[in-house]
Amino acid sequence: MVSRIIPVEQFDLIIFGGTGDLARRKILPGLFKRFADGQVPEGSRIIGAARSEMDQAAFLTFAEEAVRDAEGDKIDATVLKDFLAILDYVAIDALGEEGWSALAEKMREGPVRAFYFSVGPSLFDDLARRLQQYDLVKPDTRIVVEKPFGHDLETARALNKVLSAHFDESQIYRIDHYLGKETVQNLMAVRFGNMLFEPLWNSQYIDHVQITVAETVGVGGRGGYYDKSGAMRDMVQNHLMQLLCLTAMEPPAKFDPDAVRDEKLKVIRALEPVEPHQIVRGQYDKTDSESNFRDDVENPSSKTESFVALKCHVGNWRWAGTPFYLRTGKRLEARDSEIIVVFKSTPHSIFGSDAGGGHNELRIQLQPDEGITLKVTIKEPGPGGMRLMDVPLDMSFAETLGEHADTPDAYERLIMDVIRGNQTLFMRDDEVEAAWAWTDPIIQGWEAVHDVPKPYDSYSQGPTDATLLMQRDGREWREIGA
Ligand code: BG6
């Protein structure tokens with residue numbers, strides 16, 4: 001297989017929040033991997049910028065530990081040394097003058113310039129102002145921002161306003177790391193690179209779609225943030241919404257940023273409001289050895305949900321009558337994320353109604369392993385009459401693609417796309433706002449009635465009501481972890 005990686009130009013990437021958790025877990029290890037793969041052109045630089053007391057040496061130690069933690073034993077000492085040599089550090093105060101002249105002095109004309117705002121959104125305005133004040137933003141400078149992008153429509157609008165006051169939309173890269181996942185992009189390749197699926201990709205042939213993002217972890221050390229957020233804001237408004245969009249959107253005319261984002265936006269805008277009885281909220285409860293949600297967020301009366309299951313409709317010609325069921329939660333039985341497109345049964349079984357088989361499913365698995373499976377019906381082998389069975393046509397990427405299956409972490413891809421200047425996998429301002437406009441009334445509805453989430457056992461399938469949500473429609477969730 002010939003590698004057809006699109007090269008990047010020499011760059012200066014400045015990471016505000018360079019000593020933070022995201023830099024340690026994702027950004028620095030991701031950059032290291034791209035560097036080790038020879039994708040970081042010579043002369044490129046990565047500059048950590050943070051308020052912490054670190055100096056250059058301490059930052060290099062921090063970066064080395066971050067890379068070692070992520071890569072383990074397989075690390076090549078020479079490559080690591082060369083990587084550390086392209087790192088630099090500047091202590092900077094977003095709210096004051098300290099460090100800005102030093103940063104300005106480090107800037108060069110020529111390389112692609114990108115500023116990664118790996119900081120809370122309350123600092124966006126200050127950072128943007130200083131960047132302008134010190135004349136650090138050129139017409140093709142890129143700004144990367146992270147979620148949470150707003151808490152509701154109003155705050156998202158305010159953030160967009162802050163950013164648009166200082167930068168052009170073409171400079172802004174809003175990360176939703178789910179868009180950087182290999183299989184998520186594969187969903188587009190499968191839909192739009194094959195003739196097989198598109199003619200069937202509508203409500204005439206598809207019974208329903210299930211989208212599940214299940215995690216085993218609880219809220220960990222993020223209780224403070226999570227208690228104010230909950231699964232709806234933390235996962236549904238962004239990650240699940242993106243998966244829904246890519247599944248439901250019309251084929252864009254080309255794979256170009258605005259063509260793709262225009263089509264995704266149309267899906268969000270076509271989403272019908274969700275009635276309260278079509279949603280189940282849950283909160284994880286104790287098992288013998290583990291804490292419950294309320295302990296974890298240190299709020300004994302918390303009404304925040306760690307689980308959501310809902311049924312929604314995309315109100316357009318393609319999807320009228322085909323429900324989309326979305327489900328996400330923490331402390332569930334397994335880490336298991338997938339999109340399942342369930343086709344309708346054959347209109348008539350020539351083999352008799354008790355022969356079995358009869359409907360296809362396309363399963364796009366994101367986590368823990370990546371792969372695509374198409375369930376088809378065949379004859380059960382052996383004598384004894386015509387009995388049917390379902391078998392998977394399996395394309396596990398690890399097996400099929402061998403060494404090429406080393407799928408990059410989402411951040412590796414997304415950071416390189418920033419340097420390439422490709423916004424296809426980043427959210428546009430109107431897309432984020434449309435997603436909040438759909439989410440807000442749901443959350444407001446809960447708040448208005450002081451809704452209390454249903455407790456569910458840790459490491460289970462979630463609340464029983466979520467199972468019933470499907471069963472009422474004569475359908476079933478695929479079991480988490482099955
Ligand atoms: C983040 C959420 O955006 O995504 C977390 O804030 C969640 O709560 C995480 O755990 C899940 O990401 P992934 O890539 O592990 O599925």
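Residues are called buried under 20% relative accessible area, exposed over 50% and partly exposed in between (1.4 Å probe, protein chains only). The views below show a predicted model, in which local features need pLDDT of at least 70, side-chain atom pairs count only at pLDDT 80 or more, and totals for chains, interfaces and linings use all residues. Residues are numbered from 1 along each chain as its sequence is written, and side-chain values use heavy atoms, with hydrogens and water left out.

**View A. Salt bridge between Arg261 and Asp258 in helix 9.** Helices (H or I, at least four residues) and strands (E, at least two) are DSSP runs numbered from the N terminus. Helix 9 covers residues 257-270 and holds both Arg261 and Asp258, which are three residues apart, about one turn of the helix. Their side chains form a salt bridge with the closest N and O atoms 3.4 Å apart; the term denotes a side-chain nitrogen of Lys or Arg within 4 Å of a carboxyl oxygen of Asp or Glu. Arg261 is buried, at 1% relative accessible area, whereas Asp258 is partly exposed, at 38%. Both residues belong to a network of salt bridges that also links Asp262, Arg428 and Asp430. The structure holds 43 salt bridges.

**View B. Salt bridge between Arg68 and Glu64 in helix 2.** The N to O distance between these side chains is 3.1 Å. Because Arg68 and Glu64 are four residues apart in helix 2 (residues 56-71), about one helical turn separates them. Arg68 is partly exposed, with a relative accessibility of 38%, and Glu64 is partly exposed, with 26%.

**View C. Salt bridge between Glu380 and Arg387.** The two side chains meet at an N to O distance of 2.5 Å. Glu380 is partly exposed at 29% relative accessibility, and Arg387 is partly exposed at 29%.

View D. A side-chain N or O atom of Arg222 lies 2.8 Å from a ligand oxygen atom. For Arg335, the corresponding distance to an oxygen atom of the ligand is 3.4 Å, and a polar side-chain atom of Gln367 is 3.1 Å from a ligand oxygen. On its own the ligand has 400 Å² of accessible area, of which the protein covers 80%; such areas come from the Shrake-Rupley method with a 1.4 Å probe, and for residues only the protein chains shown count as cover.

**View E. Arg363 in strand 12.** Strand 12 comprises residues 359-367 and contains Arg363, a residue that is buried at 15% relative accessible area. The side chains of Arg363 and Glu338 are joined by a polar contact of 2.6 Å. Here a polar contact is a pair of N or O atoms within 3.5 Å; within protein, one must be able to donate a hydrogen and the other to accept it, and residues adjacent in sequence count only if both atoms are side-chain atoms.

**View F. Val144 in strand 5.** Val144 lies in strand 5 (residues 142-145) and is buried, with a relative accessible area of 1%. Beyond residues up to four places away in sequence, Val144 touches Phe115, Tyr116, Phe117, Tyr173, Ile175 and Val418, where contact means heavy atoms within 4.5 Å.
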